[in-house]
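Hi everyone, thanks for making time for this.

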Amino acid sequence: MEMTTPLDPTTLPAWHALTREAEALQATHLRELFAADSERVPQLTSSCGELLVDFSKQRVTARTMALLHALAREAGVDRQIAGLYAGATVNVSEGRAALHMALRADDGEVYHDAGRNVVPEVQRERERMRAFCSRMDSDSRPGTAGRSITDVVNLGIGGSDLGPRMAAQALCARANPMRRVHFVSNIDGADLASLLAGLDPRRTLFIVVSKTFTTQETLANARSALAWARAGLPADAGSEVLAGQFVAITANVKAAAAFGIAAENIFAFWEWVGGRYSLWSAVGLSLALAIGMDDFEAMLAGAREMDRHFRDAPAEQKLPLTLALLEVWNSNFLAAQTRAVIPYSRSLHLFPSYLQQLEMESNGKSVGRDGQRLHTGTSPIVWGSAGSDAQHAYFQLLHQGGRLVPCDFIAFAESDFPLPGHHDQLLANCFAQSEALMHGRTEAEARRELANAGLAETEIARLLPHKIFAGNQPSTTILLPSLSPRTLGMLIALYEHKVFAAAALWGINPFDQWGVELGKQLATQLLPALTGSENAGMDARLNPSTRQLIAYCHRYR
Ligand code: F6P
């Protein structure tokens, strides 16, 4: 089943209406929008279960939202959502479906890939994960001879790292204290070597995660980890290491077997799962070992709730679509170049990095699904970090830098690490920032404040320009009761589906990533020039700047 060729969204009537809407709203400050409409907050708030999305501080009105939804209808977003769930070839350039929802499917749910229901095999792998986790708990895995594994090292990069790493950090309050889970992704030896220095080779389990099992960084780290484990064990323990202490999660079982990993330690991952959508599969094994399989399944259940919401809720209530429409509004009509994501949760501090891959690798495209060059921009630059630290780093620019930077604030009513008084202060900061960014401080307000502080008129005149905040900085606040496996699952799936809905609006394929290929190919070509002697391997076809950089490295080694 192929998706039909999309229209260029900029040719749609709603696009033109939105262009006029942006012009009409240009001179209206968010302060005025709030003052003009007492119903603004309920009108511009939506929810799914306990997950609340307040987008009343975005530069929109109910009329803007109606026009944005008209755009979604004209772009056929509902038909595209139906295609996603039906296993259509949404990944057109690679000829694949994208069925990450199947990874969190419940008994009785059906997801088809090429006419075959994939849910039974997903559930079989999930059962294998459960069995593996309980064998780890009871220490009866082959090869480990009753020694308990104290450290688990996930070796993977991109989607084979960021998801489980972020979620393990997010749910660290629930982590098994008897077992540490680590993540190594970087080819830089500092990543692996500094970790191994503190580990015991007899008590360390390595999970090599790679969909392709060809990724340079991951394989180099896996080979070094194997050499380290072998060197740290008795000479006759070589095969025991691979049998008992190396696990692979991959769609390329042959390559994992060729690496030497025992068949019973290889977990499947399928071509119809994109790397950055794979956390829900055995790619989450390190996470499951950290928090336990029951919590892992609770996370799947949270994501499943969002899957059903995205599939079944009326368009106007679909939260992922709302976020996608706001993205299109801010990026394409208000010309925002970036979006900041600020979780007011230290445990969620890796969420912005996770979203960078999810959003920018998915939607950083300039060619439509039909291969035509787009006439509009796509994903903004996504960045951010945990509040309140962020306030003391770059919020100055958000308040007075003069750039339009829409923000996503994420917060939880309850703390995962309660300390008396801390959480209320954290939330007060979160809510104060979004209000300050929205409202700003007018000249009259600034003048009054300085006068109230008893300053002389000359001093007021000197300081006044510095004390004015333009405000009108748009933000969305996402609230959840607490950071639990279920709410985390909902939150991640919210953004996954938002990415799909935005791609559907722009007419792009969010499931390929050809842009990452060129750099990988060049690195492979350059390697001989770096590993060779000073002059050997210096291919005259290399760019002179690159040759200079390589020559410098040879000189200083
Ligand atoms: O960075 C490109 C990419 O292909 C990502 O999409 C993917 O998550 C990552 O590399 C790792 O790939 P693999 O799981 O095949 O090692």
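**A walk around the model**

Let's begin at Arg462, which sits in helix H19, the run of residues 457–467. Before we go on, a quick reminder that what you see is a predicted model. Is Arg462 buried or exposed? Arg462 has a relative accessible area of 52%, and because exposed means over 50%, it counts as exposed. Its side chain does have a partner: a polar contact of 2.9 Å links it to the side chain of Glu459. For a sense of distance, take Gln169, which is 293 residues from Arg462 in sequence. The C-alpha atoms of Arg462 and Gln169 are 47 Å apart.

Now please turn to Arg73, another arginine, found in helix H4, residues 62–74. Arg73 is exposed, with a relative accessible area of 51%. If we set aside residues up to four places away in sequence, Arg73 touches Ala66 and Glu316. Arg73 and Ala14 are 59 residues apart in sequence, and their C-alpha atoms are 9.2 Å apart in space.

Let's go on to two glutamines. Gln433 lies in helix H17, which covers residues 422–439. With 13% relative accessibility, Gln433 is buried, because the cut-off for buried is under 20%. Which residues does Gln433 contact, leaving aside those within four places in sequence? They are Tyr344, Gln391, Phe395, His399 and Phe409. One of these, Gln391, is 42 residues away along the chain, with 8.4 Å between the two C-alpha atoms.

A polar atom of its side chain lies 3.2 Å from the backbone nitrogen of Gly159. Beyond residues up to four places away in sequence, Gln357 touches Gly158, Gly159, Leu162, Arg276 and Ser362.

Now for the ligand. Where does the ligand sit? The space it takes up is the largest pocket. There are 14 residues around the ligand, and those that come nearest are Ser160, Ser210, Thr212, Thr215 and Glu361.

Let me go through some individual distances. In the side chain of Ser160, an N or O atom is 2.7 Å from an oxygen atom of the ligand. For Glu361, an N or O atom of the side chain is 2.6 Å from a ligand oxygen. With Lys211 the backbone takes part: one of its backbone N or O atoms lies 2.8 Å from an oxygen atom of the ligand. How much of the ligand does the protein bury? On its own the ligand exposes 390 Å², and the protein buries 89% of that.

Let's stay with Lys211 for a moment. It is placed in the loop between strand S7 (204–209) and helix H9 (216–231). Lys211 is buried, with a relative accessible area of 15%. So where does the side chain of Lys211 reach? It reaches the backbone oxygen of Val273, at 2.6 Å. Not counting residues up to four places away in sequence, the residues that Lys211 touches include Arg96, Ser160, Asn252, Trp270, Glu271 and Val273.

**Some backbone details**

Most residues other than glycine have a negative phi, and most peptide bonds are trans. Here are some places to look at with that in mind.

Ala114 is not a glycine, yet it has a positive phi of about 50°. You'll find Ala114 in the loop between strand S3 (112–113) and strand S4 (116–117). Ala114 is exposed, with a relative accessible area of 76%.

Ala335 has a positive phi too, near 65°. Its place is the loop between helix H14 (319–333) and strand S10 (338–343). Ala335 is exposed as well, at a relative accessible area of 52%.

And which peptide bond is cis? The bond from Gly387 to Ser388 is cis, with omega near 10°. Ser388 belongs to the loop between strand S11 (381–383) and helix H16 (395–400).

How values were computed. Residues numbered from 1 in each chain as written. Predicted model: local features only at pLDDT ≥ 70, side-chain atom pairs only at ≥ 80, totals over all residues. Heavy atoms only, no water. Helix = DSSP H or I, 4+ residues; strand = E, 2+ residues; numbered from the N terminus. Buried < 20%, exposed > 50% of the residue type's maximum accessible area, 1.4 Å probe, protein only. Polar contact = N/O pair within 3.5 Å; in protein donor to acceptor, adjacent residues only side chain to side chain. Contact = heavy atoms within 4.5 Å. Near = heavy atom within 4 Å. Areas by Shrake-Rupley, 256 points an atom, 1.4 Å probe, with all protein chains shown as cover. 1 Å grid on protein atoms, 1.4 Å probe; cavity = no way out; pocket = protein on both sides within 12 Å on 5 of 7 lines; lining within 4 Å. Sits in = over half its atoms within 2 Å of the grid points.
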